[in-house]
Amino acid sequence: MKIITKITTQKHSTERFNIYLDDQYAFSVDQDVFIKYELKKGKQLDEEDIIEIQYGDDVKKAFNKALEFLSYRMRSIKEVSDHLKLKEFTEPIIAEVIYRLKDYRYVDDLEFAKAYVRSQWKTNGKGPNVIKQELKAKGIEQIILEAALLEYDESFQFEEALKHAYKAVNKNKNFSSILLKQKVEQYLMRKGFSSNMISNVISEVKFEKEEAEEWEALIKQADKAKSRYKNNDEYTYTMKMKQFLYRKGFSMELIERYLEMDEL
């Protein structure tokens with residue numbers, strides 16, 4: 001048995017106490033741990049007591065670190081666990097902290113996932129497939145993930161995808177009708193919308209241009225290619241221009257018309 005012979009408050013934290021056993025510094029504890037184990041001068045401690053007290057203090061340290069981490073925004077249970085691992089807390093301590101955080105409802109994966117879905121949809125305009133992958137990476141279980149995504153029903157998805165489609169159309173208006181449609185489909189896919197949703201949205205967007213608009217788009221694309229191929233001989237120049245403009249989705253009729261008018 002060892003006896004507590006001295007207790008002092010730490011210089012930089014009045015909520016931590018230094019414990020001296022048999023006139024030698026032994027360990028420090030948080031105020032809550034100090035009170036819980038009724039530590040006082042003259043109290044006897046055996047090895048099991050010391051191990052239990054130090055374990056309790058480590059849990060308190062980890063709990064405080066978790067609360068600090070949670071103070072910035074909501075986190076998933078996996079995010080908190082991973083953070084505590086980086087702080088080099090052991091698995092038993094992390095498990096105890098997570099249990100307490102759940103008990104106090106400081107962590108709740110369903111509420112976190114619902115909030116994350118709303119945030120990523122309304123703030124960043126992400127589709128459900130991207131959000132789903134991100135939640136999986138944060139350790140959200142499939143059943144919770146599916147429940148959270150109910151927040152983002154098909155009507156909201158359609159509305160969001162349609163906004164993205166019009167944005168992509170305006171951004172890529174110098175492309176041919178065919179290529180413009182492909183660009184919009186690819187963009188919506190990258191944003192995380194399903195193939196069915198993309199098809200529904202595409203059917204609502206007008207891609208077909210008036211002949212004058214298509215011609216104007218071809219001229220702009222041709223001008224870019226012209227500077228690239230102008231140093232080739234006439235035959236090579238003509239073939240490369242045809243290939244380039246055809247890949248951009250323009251009809252051979254318009255391409256031939258342009259090349260007939262073109263002067264190197």
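Helix 2 (residues 47-70) lies across strand 1, strand 2, strand 3 and strand 4, and runs at about 40° to strand 3. The model is predicted, with local features requiring pLDDT of at least 70 and side-chain atom pairs counted only at pLDDT 80 or more, while totals for chains, interfaces and linings use all residues. Residues are numbered from 1 along each chain as its sequence is written, and side-chain values use heavy atoms, leaving out hydrogens and water.

Helices (H or I, at least four residues) and strands (E, at least two) are DSSP runs numbered from the N terminus. Contact means heavy atoms within 4.5 Å. Axes are lines fitted to C-alpha atoms, for helices over the stretch in contact, and angles between N-to-C directions run from 0 to 180 degrees.

The four strands form an open sheet in the order 3-2-1-4, with antiparallel pairing. Strand 3 (24-30) and strand 4 are at the edges with a single partner strand each, so one side of each has no neighbour in the sheet. Two strands pair if DSSP finds at least two bridges between them.

| Strand | Partner | Sense | Bridges |
|---|---|---|---|
| Strand 1 (residues 2-10) | Strand 4 (residues 44-45) | antiparallel | two bridges |
| Strand 1 | Strand 2 (residues 13-21) | antiparallel | six bridges |

A hairpin of two residues joins strand 1 to strand 2, and Lys6 stands opposite Tyr20 in strand 2. Toward strand 4, Lys2 has Leu45 as its bridge partner, and Ile3 has Gln44.
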